[in-house]
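Please open the model in your viewer and keep the selection tool at hand. The stops follow below.

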Amino acid sequence: MSVRAAVPLRDLAVQALESLRSRSLRTALAAASMAAAVAAVILVATVGATGSEFVLAQIEGVGSNLVYAYYEAGGNVSPADSDYVTLADVEAVRSGLGNRAVAVAGVMSSWDSITVNGLPVQIRLLGSSEEYRAVRNLRLLAGRFLERSDIDSRAKVCLVTPELAGRLFGGASQAIGRSVKAHGLEFLVVGAFSEGVETFGQSEVSENSLLVPYTVLRYFQEIERVDPLYVSVRERADIESAALLVRRTLESRHRPGSLYRVETLSSLLTTARRILRAMSLAMIVVASITLAVSGVFIMNMMLIAVSERTAEIGIRKAVGATRSQIRLQFLAEAVAIAAVGGACGMIMGLAAFRAASAVWPELPIRTPAAWVMLALVAAPGAGAVFGYLPASRASRLDPVDALRHE
């Protein structure tokens, strides 16, 4: 029984391949349509995975397990100077969090104008501590960062952004050891820094920023004002409790009714994940449509093949071929076309993103293996689904009518 069953199946496979070979151009076009569809699925999956990782990495790169707070005017009381977050508040938050916090830093800021190539340029002076680097994941491009000794001794040292370093000295490395005059003081440039990720001007760090010890900048402010206060907690699970502690600390140390905005990146990450998930689903639908279009193309090609091979079908039925054998042969042809096209599409998709990785090595390009396997399974599956109608029509042909066809 098993030997007899194996022979017809082998014969059906041979006949299917011979039929496809005799119509090589049409077969190639149908396979190419499936290859394009599978490549589209892989490309969509890769773009979705890469885009999601890139966006989430950009958000998380602003700071590790970050909590930030600032005074927001518009509460139940009229704004007053005493409502602003102060350096004492920063110390109170640091004391309250204890070892749950990796770093706590307040940022003070002011503006000044300096002359560059004979033209006035507005610069933003930021005053903070050595912990500022940790809370904001800042990158040190040259030299060194602020140290505790700089804060304690009120050292007139500074770090500059690469844009400001380029304007003043021609580059980050050339700026080290040079001087910048701001607020009437000469600051020695000890380093150059930048944000870990680009925030496009949405943070306190601008292109022309100068970072100095807060103990120095404090004397150039009429009102002691920290804006914002940053906290980086050790464990992700402590983010919400740390945010609550920061809020309670600020509210308890200032007038009742003063409004303080305390934010975390968790809500932003959750919203971003939700949006990216919706976009991925939309792209999956588009990719599925391309598979369906390719399947319809294969179905139309197989219907034409059934019409052209009516006499052949009649002869095969006359010599003893059953309906199931006729159906299996045409299904095998449709599945073979789709499977070959799917394999080619997989190679095309992976090759495209390997090339993209070489061109843009900074992007976290990743092709989900599950999607590659799904695409490989979906291709022959689509061939079977859309090839069933032509195969069923071929199997139902009356042998007498089929023989009279020509």
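Select Y132 and Y230: both are buried (buried is under 20% relative accessible area, exposed over 50%, partly exposed in between, with a 1.4 Å probe and protein chains only). This is a predicted model, where local features need pLDDT of at least 70, side-chain atom pairs count only at pLDDT 80 or more, and totals for chains, interfaces and linings use all residues. Residues are numbered from 1 along each chain as its sequence is written, and side-chain values use heavy atoms, with hydrogens and water left out.

**Aromatic rings**

Stay on the two tyrosines. Ring pairs link Y68, Y132 and Y230 into a cluster. Rings of Phe, Tyr and Trp (its six-membered ring) pair if their centres lie within 6.5 Å; planes under 30 degrees apart count as stacked, over 60 as edge-to-face and the rest as tilted. By this rule there are four aromatic pairs.

Next, select Y71 and Y84. Their pair is edge-to-face, with 5.3 Å centre to centre and 90° between the planes. Y71 sits in strand 1 (residues 66-71), while Y84 is in the loop between strand 1 and helix 3 (87-97), so the pair links distant parts of the chain, 13 residues apart. Helices (H or I, at least four residues) and strands (E, at least two) are DSSP runs, numbered from the N terminus. Y71 is buried at 9% relative accessible area. Y84 is buried too, at 17%.

Go back to Y132 and Y230. Their ring centres are 6.4 Å apart and the planes meet at 35°, so this pair is tilted. Y132 lies in helix 4 (residues 132-136) and Y230 in strand 10 (residues 229-233), so the pair ties together parts that are 98 residues apart in sequence.

**Salt bridges**

Which residue forms a salt bridge with R136? Select E204: the closest N and O atoms are 2.9 Å apart. A salt bridge here is a side-chain nitrogen of Lys or Arg within 4 Å of a carboxyl oxygen of Asp or Glu. R136 is in helix 4, and E204 is in the loop between strand 8 (185-194) and strand 9 (209-213), 68 residues apart. R136 is buried at 1% relative accessibility. E204 is buried at 6%.

The structure holds 14 salt bridges. Another joins E224 to R218, with closest N and O atoms 3.2 Å apart. Both ends are partly exposed: E224 at 22%, R218 at 23%.

Now select E263 and R261. Their side chains meet in a salt bridge of 3.2 Å, N to O.

**Helix 2**

Select I42, in helix 2 (residues 24-60). I42 is buried at 1% relative accessibility. Show its contacts (heavy atoms within 4.5 Å). Not counting residues up to four places away in sequence, I42 touches G345, M346, G349, L350, T367 and A375. Then pick L374: I42 and L374 are 332 residues apart in sequence and 9.4 Å apart in space, C-alpha to C-alpha.

**Helix 6**

Select helix 6 (residues 162-169). Its buried residues are L164, A165 and F169. They cover an arc of only 100° around the axis, which puts them on the same side of helix 6; the arc is that of the directions from the helix axis to the C-beta atoms. G170 follows helix 6, and its phi is positive, near 95°.

**Last stop**

Select F297, in helix 10 (residues 265-308). F297 is partly exposed at 37% relative accessibility.
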